[in-house]
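Reader: I am new to this structure, and I would like a close look at one part of it: the salt bridges. Please start with a single pair and then show me what lies around the others.

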Amino acid sequence: MKLRKELWFGFSLMAIIIVAVVAFMPWGGLIDGHLSKQDLGYLGMLMLALIVVAIMLGFPTAFTLMGMGVFFAWLAYRSVNPALAGQQVFDAMVHRTYGVMSNDVLIAIPLFLFMGYLVERAQLVDRLFRSLHLATSRLPGSLAVATIVTCAIFATATGIVGAVVTLMGLLAFPAMLKAGYNVKIAAGAVTAGGCLGILIPPSVLLIVYGATAGVSVVQLYAGAFFPGMMLASLYVGYIIVLAKWKPALMPPLTESEQRVPLPAFAQTLSQRGSNALAGTWRALTGSGAGVAKPAALGQLIVSLVPAIAIAALLGVTYRVTTAPVAEVSAAGLVGVLGGLAESAAEETEASTGVIGAPEADEEGVKEPGEEEKPEELSAAPAAEEEKLAETKPAETKPAVAVEAERLPAPAWFWVMLVIGSAAIVLIYWLWNWERLEVFKLLLTSFFPLALLILAVLGSIVFGLATPAEAAAVGAFGGFVLVAIYRFIGQWRASPPASRKVGTLILRTAKEFGGIIKESSFLTARTSAMVCWLFVGSGIFSAAFALLGGQDLVEKWVLSLNLTSVQFLILAQVIIFLLGWPLEWTEIIIIFMPIFIPLLPHFNVDPLFFGILVALNLQTAFLSPPVAMAAFYLKGVSPPHVTLNAIFAGMMPFMGWQIVAMVIFYTWPQLGLWLPSVLYGR
Amino acid sequence: MQKLLLFVDKISTFVGHAFSFLIVALTLHVAWEVFRRYALDSPRAWAFDVMIMFYGTLFMMAGAYTLAKNGHVRGDILYGFFRPRTQATIDLVLYIVFFLPGVLALTYAGYFYAAESWAIKESSNITSEGPPYYPFKTVIPVAGAFVLMQGIVEIIRCILCLKSGTWPSREEDVEEVDVEKLKEELHVKDEDIQKLDEYVVHKEPAK
């Protein structure tokens, strides 16, 4: 019976639209082929109404757009010159198609999709979740917090909502239920976290928006970074507060669950002191009983990684800030070197894999507040100057001569130095054996992924590579991650007695080939889906423009005399409503071209609008009854977890999404600050 | 009949699979180019043209494959609730009203577009002495033809479904979210999920 109701609702909606269309249709003009300008405008609106009906009927949208576009473009041309109409339609069609095929923004889509499919198949999500869970075990609601953080990182790298929600539904959801978490909160954390990937860059949604709205993807990425982080931290904050407030919903873990299992040598050593650094040092210098020296040396090196990372960060900052400003080429060179170091760090991670992910990622993780901001501030001019440097690469030699006359370091650098040193002291003060183990776990799961994302984002945002190039390098990083993690998987799976590196490599290679194949097929299919939609919407929007529908919309909206706030709210409500029957690809590709030309009238920055839309479309995944995320979770959850419980769990998170939109609206600097610093908007 | 349909499916799939490996080539090509630019300081002028061609060919040639796997995005709000016969009726009508004119126009126009490009042996307008572009433009009519062929197969499917009341089968392919496979990779068994129920049910009265 319920089905009937939905059908009735849909049909009556369609009927209303069609009746309106029939009533307003310029029938007389249609038949003799001579349409006035106003008639054509109405025809444009008719086309828009019909496309909504046709999409709701469920025919593949790309072809609906294409067919309708061809027909209406023909009508529009015919009213001008019937003789040429056919030829003009064909020309428009093929030119629009070729425009999509040679679009240098859309090219990043298949590459990011490929990277996502590869990372998804690298089998690292369970390590990621386990290590983050241990790392956050002391926080209230630790499992839910770990779920959100895992989702944020993993979804950012993959960008595939369905896969992330399913994986976390298999991994984190049972863990939370077993720990006695409230079903609704557990469901909400998984679904809301899984959707973060479409907002936090590098996301495909922002590329699609950039291509449709003509906004620089680079600036969109720089702009969406902090709002994305803000949304994730709102979720985490909400969970922590809720867990403190109502512990019954999220009971804290027991002592035994919090304990990190220690390896044998650590247990022997930990009996003689809880500080791991001192312990390994003692073991190494001779007095360690029953512990092999190479093992101890390895532990010591791992222990020193944070210190090395902080020192390296400080060193690079010193070099960049004290580089003489007058010598443009020298400053640029440092900028380039910094960038190279970044990509080189990625390469290191590639080659050494497990423990090789040290330096660069620290900046994002250990001291985000204190250290990252100055680093970005100082790197910004360097990135700009780098362009100049690229034009005269021959001037690399002066850099050496300049070494002698470095500028004095600014005061904030010394503050940073003190904070950095304090951080090192603090870290090693607290550096006990459990933390060492957690750190090792993080090093093999969290840091490689974070480094991959930061390297991709960093090279885009600092102008070292176009989004497409960065995506390709990211996909290459995906290759490497898959190879390494699958090899480790094989290594662990095989019994130690009969371990042969050769056969393991062979087996990994076989698996690797399969993964590449699968990922390529999926990439081809998904990018065909998105890009054919662009092909269809190309001719469709051409027809809409030819008919003058845009003018009519513009006149109508302007006649409403909205303030810019009212307009923004109206636009977001419309997008929110559209998010119910449509997918985000359709919303952005078909409807954004209608909104974007209106923005200048209301003094709205298209960049700002884009980030707002991206935040808004998060809710589209969570709003019942078509919330994709809920169905993916339902597919892997036990039968007594009802869809209603999942929906109820998603509601508070949807509320937080709206809060995030309000916050972003109130303080647009949150998103616009970084682009303005970097690109002088 | 079913055999013929599946055979065409196979052709589309084969073409799609073959061209999907362009993404690997594209990744390696771009990564290598970035490496050349920064590490070897010897970028190549035609690299960008090749990037564009790989990408354009990739998604155009995968169009028919995506159609064969029912992968083009649909507005799923009502469609899923319809009975197969209703679905087939809607699809059949819209294939004829929207799909055929649109794709025919694309293929027909693409043919002349490519022919003109061949006639002047067009090369890149981005770089001087750039690579030839006429093979790339040929992709439009070729991809259009494949999509058209697959579309005709889909039309026949609709008719078959109208007759029998059930959708004719399709070949399997990799799924974006393959739940069974993900379960296997995480070593989760269905029993485990079933077992979790006790945590849920147990808690209901407590609430």
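**Salt bridges, close up**

Author: Let's begin in chain B, where the side chains of B:Asp9 and B:Arg157 form a salt bridge, with N and O 2.6 Å apart (the rule asks for a side-chain nitrogen of Lys or Arg within 4 Å of a carboxyl oxygen of Asp or Glu). B:Asp9 sits in helix 1 (residues 2-20) of chain B and B:Arg157 in helix 7 (residues 134-164), so the pair ties together parts that are 148 residues apart in sequence. Helices here are DSSP runs of H or I with at least four residues, strands are E runs of at least two, and both are numbered from the N terminus. B:Asp9 counts as buried because its relative accessible area is 0%, and B:Arg157 is buried too, at 1%. Buried means under 20% relative accessible area, exposed over 50%, and partly exposed in between, using a 1.4 Å probe and protein chains only.

Before we go on, some ground rules: this is a predicted model, in which local features need pLDDT of at least 70 and side-chain atom pairs count only at pLDDT 80 or more, while totals for chains, interfaces and linings use all residues. Residues are numbered from 1 along each chain as its sequence is written, chains are lettered from A and ligands numbered from 1 in the order in which they are written, and side-chain values use heavy atoms, leaving out hydrogens and water.

Over all chains, the structure holds 6 salt bridges. The rule finds 1 of them across the interface of chain B and chain A: the side chains of A:Glu469 and B:Arg37 meet there, with N and O 2.4 Å apart. Around that bridge, 78 residues of chain B are in contact with 97 residues of chain A, contact being heavy atoms within 4.5 Å. The two chains bury about 8,000 Å² between them, and 76% of that is on carbon and sulfur atoms. This buried area is the accessible area (1.4 Å probe) that two parts lose on being put together, summed over both.

Within chain A, A:Glu511 pairs with A:Arg486, their closest N and O atoms being 3.1 Å apart. A:Glu511 is in helix 24 (residues 501-547) and A:Arg486 in helix 23 (residues 467-493), so this bridge ties together parts that are 25 residues apart in sequence. A:Glu511 is partly exposed, because its relative accessibility is 27%, whereas A:Arg486, at 5%, counts as buried.

Another bridge in chain A joins the side chains of A:Arg121 and A:Glu120, at 3.3 Å from N to O. Both of these residues are buried. A:Glu120 and A:Arg121 also belong to a network of salt bridges that includes A:Glu518.

Now for the chain that holds these last pairs. The secondary structure of chain A comes to 31 helices and 0 strands, and of its 681 residues, 58% count as buried. A:Thr147 is one of the buried residues, with 0% relative accessibility. A:Thr147 lies in helix 8 (residues 142-158); beyond its neighbours within four places in sequence, A:Thr147 touches A:Phe129, A:Met168, A:Ala172, A:Met176, A:Ala189 and A:Val190. For contrast, look at A:Val19 in helix 1 (residues 2-24) of chain A, which counts as exposed at 57% relative accessibility.

The peptide bond from A:Pro201 to A:Pro202 is cis, with omega near 0°, and A:Pro202 is in the loop between helix 10 (183-195) and helix 11 (204-213). In the loop between helix 27 (584-595) and helix 28 (606-622) you will find A:Asn603, which has a positive phi of about 55° although it is not a glycine. A:Asn603 is exposed, at 73% relative accessibility.

Finally, a word on confidence. The mean pLDDT of chain A is 75, and 77% of its residues reach 70 or more; pLDDT is the predictor's confidence in each residue, from 0 to 100. Over residues 326-403 of chain A, pLDDT stays under 50.
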